[in-house]
Amino acid sequence: MQALQLSNFGASNLSLVANALPEPQEHEVVVRLEAASLNPRDSQIIAGQFTTAVDFPLVPLSDGAGTVTAVGAAVSRFSVGDSVTTLFFPNWHSGEATAGERAISTGLEVPGAAREIGIFHEDSLARSAPHLSAAEAACYPCAGLTAWSALFDKSCVTEGSWVLVQGTGGVATMGIQLAKAAGAKVIVISSSNDKLAKAQGLGADHLINYLENPEWGQQAFELSGHGVDAVLEIGGTATLENSLNAIRHGGHINIIGYMAGIEMGITVFPLIIKNANFHGIGTGNRDSYESLMSFVADHRLHPPIHQRFRMNELQRALNVLDNESPFGKVVIDIAET
């Protein structure tokens, strides 16, 4: 079987190699991987910007989807023919994570999804929603679960809630779809009117171009009538003040990204006045992922895919992810090398 391996930091050090496939042990599952999706963390790992603690050679990419082709003698969670995805944290199954449950992540401490065949412990996989293609299913393990954890596990979004989504990347577009399917009202901010129009196509109720209205937090507060219930906070330093202005008393700000800076850059007083809830979101556990897949299946959701590439085009795909501000997800078709 073929796999993409990173021999050193830098995308130029990615190469296709042939790897032997061992027999699955009692609790292991063999998966024919058909697709993977890219996250900013994948690009940072490959570039050496995420951590220097990498055991080379590394098979990158955390998010993959495929079909079970064989199972070990003691496997009970899956059967041959099941459609499955990887888990971002394969050892984090339920509840809050201990250090050990988050110490191992797919595509860094253990081999990732950029390979044709993988062997996984049965506990480190989850079933895909049955209506999804492999390319669609591969979009959910990181971005989808991050949005789900923020909106439902932390912010308790339900019918009638107001949600503010920053941007139109992978987590943001997932957040729009999930919130709308739950019956929430969704406000989306972006600097691109074209992307705002696409967000409206996903169900967004209100659109704000933040270049045209730098006080978008106050506008979101007024649109919702009482302040929004939850924010998907992607920006970081430059956006937190507006996010605080946008939320209701007791509202939730889910800190997912830091595209505009890593410092908090706020004083304590506004937090106290708003009785604000800040949540740092680092994907989530397997139980939440399985709840996400059930919800996606019930509502027949399909994630927006910006562009698809073959596995031997991963460098091109990374360039799109890093430089073109994709609407939705960038996907690798593994079978098409």
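Me: Why does Asp123 count as partly exposed?
Reply: This is a predicted model, and the values are computed from it. Relative accessibility of Asp123 is 26%.

Me: Why is the contact of Arg286 and Asp123 called a salt bridge?
Reply: The cut-off is 4 Å from a side-chain nitrogen of Lys or Arg to a carboxyl oxygen of Asp or Glu. Arg286 and Asp123 meet at 3.7 Å, N to O. The pair therefore qualifies.

Me: What does the pair of Arg286 and Asp123 tie together?
Reply: Arg286 lies in helix H9, and Asp123 in the loop between strand S6 (117–121) and strand S7 (125–127). So the pair ties together parts that are 163 residues apart in sequence.

Me: How do you know that Arg248 and Asp229 meet in a salt bridge?
Reply: Their N to O value is 2.5 Å, and the limit is 4 Å. Arg248 sits in strand S12 (residues 247–255) and Asp229 in strand S11, 19 residues apart.

Me: What about the salt bridge of Glu313 and Arg310?
Reply: The side chains meet at 3.2 Å, N to O, against the limit of 4 Å. Glu313, at 14% relative accessibility, counts as buried. Arg310 is partly exposed at 35%.

Me: Which residues do shared partners join into one network?
Reply: Arg77, Asp123, Arg286 and Glu290. The count by this rule comes to 12 salt bridges.

Me: Which residues of the largest nonpolar core touch the most other members?
Reply: Tyr140, Leu178, Leu292 and Val296, out of 46 residues. H3 gives the most to this core, with 8 residues.

Me: What does Leu292 touch?
Reply: Beyond four places away in sequence, Leu292 touches Tyr140, Gly144, Leu145, Trp148 and Leu178. Contact here means heavy atoms within 4.5 Å.

Me: How does the lining of the second largest pocket divide by class?
Reply: Into 3 nonpolar, 8 polar and 4 charged residues. About 230 Å³ of space lies in that pocket. Among the residues closest to its centre are Trp92 and Glu96.

Notes: Residues are numbered from 1 along each chain as its sequence is written. This is a predicted model: local features need pLDDT of at least 70, side-chain atom pairs count only at pLDDT 80 or more; totals for chains, interfaces and linings use all residues. Side-chain values use heavy atoms; hydrogens and water are left out. On a 1 Å grid over the protein atoms alone, a cavity is a set of points where a 1.4 Å probe fits but cannot get out, and a pocket is an open set with protein on both sides within 12 Å along at least five of seven lines; lining residues have an atom within 4 Å of a point. Grid points are joined across faces, edges and corners, and a volume is the space filled by probe spheres set on the points. Ala, Val, Leu, Ile, Met, Phe, Trp, Tyr, Cys and Pro count as nonpolar, Asp, Glu, Lys and Arg as charged, and the others, Gly among them, as polar. A nonpolar core is a set of buried Ala, Val, Leu, Ile, Met, Phe, Trp, Tyr and Cys residues joined through side-chain atoms within 4.5 Å. Buried means under 20% relative accessible area, exposed over 50%, partly exposed in between (1.4 Å probe, protein chains only). Helices (H or I, at least four residues) and strands (E, at least two) are DSSP runs, numbered from the N terminus.
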